[in-house]
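Have a look at the structure, try each task, then check the solution.

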Amino acid sequence: MRVVLDTNILVSALIAPAGNPAAIYNAWEKGKFTLLTCADHLDELRATLQKPRVADLIKPYKAGRLVNQIKKLAENIGDLPHVKRSPDPGDNFLLALAEAGKADYLVTGDKSGLLALASHKSTRIITARDFAGLFAEQAP
């Protein structure tokens, strides 16, 4: 399974270790799916982690470890198509990443933007709760 995790999901995983985003992050670390990333994704993640409101909640070493793990372990997609579909133009790179990486899912908490689209090409756009539920169903 190939997955794009919106920055809000990754940051939430560090802020709330008992929530659905953290469960998703843990599933990725256990090899349950392939995480897709690209330069724009990493840039947005770094910028978000440096915002004062976020930086107050996440220790710098945890933020650095997250970025380094993604750089090292996620599949980096190089050439992205030009996509202009998201209600928030800043999120078009996520749709392009999903398209170029042939993602099965794009997981986001962006209710008014990406989630409203429901899908992009062959990628389903779903909430962290719905995606985490896929793993709960697979439990023995």
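**Exercise 1.** How many nonpolar, polar and charged residues does the lining of the largest pocket have?

*Solution.* Keep in mind that this is a predicted model. Start with the pocket itself, which has a volume of about 260 Å³. Its lining is made of 14 residues, and Ala-13, Leu-14, Pro-17, Lys-62 and Arg-65 sit nearest the centre. Helices α1 (7-15), α2 (20-29) and α5 (60-73) each give two or more residues to that lining. Now sort by class: you get eight nonpolar, two polar and four charged residues.

**Exercise 2.** Work out which element gives the most to the lining of the second largest pocket.

*Solution.* This pocket comes in at about 220 Å³. Its lining includes Asp-6, Thr-7, Asn-8, Val-11 and Glu-44. Two helices, α1 and α3, supply at least two residues each. The top contributor is α1, with three residues. By class, the lining splits into one nonpolar, four polar and six charged.

**Exercise 3.** Find the salt bridges and say where in the chain each one sits.

*Solution.* A search of the whole structure turns up two. Take Glu-75 and Arg-2, whose side chains meet at 2.9 Å, N to O. That pair ties together distant parts of the chain, with Glu-75 in strand β3 and Arg-2 in strand β1, 73 residues apart. Next comes Asp-43 with Arg-46, where the closest N and O atoms are 3.2 Å apart. Both belong to helix α3 (residues 39-50), three residues apart, or about one turn of the helix.

**Exercise 4.** Are Asp-43 and Arg-46 buried or exposed, or in between?

*Solution.* Asp-43 has 44%, so it counts as partly exposed. Arg-46 has 31%, so it is partly exposed too.

Conventions: Residues numbered from 1 in each chain as written. Predicted model: local features only at pLDDT ≥ 70, side-chain atom pairs only at ≥ 80, totals over all residues. Heavy atoms only, no water. Salt bridge = Lys/Arg side-chain N within 4 Å of Asp/Glu carboxyl O. Helix = DSSP H or I, 4+ residues; strand = E, 2+ residues; numbered from the N terminus. Buried < 20%, exposed > 50% of the residue type's maximum accessible area, 1.4 Å probe, protein only. 1 Å grid on protein atoms, 1.4 Å probe; cavity = no way out; pocket = protein on both sides within 12 Å on 5 of 7 lines; lining within 4 Å. Points joined across faces, edges and corners; volume = space filled by probe spheres on them. Nonpolar A, V, L, I, M, F, W, Y, C, P; charged D, E, K, R; others polar.
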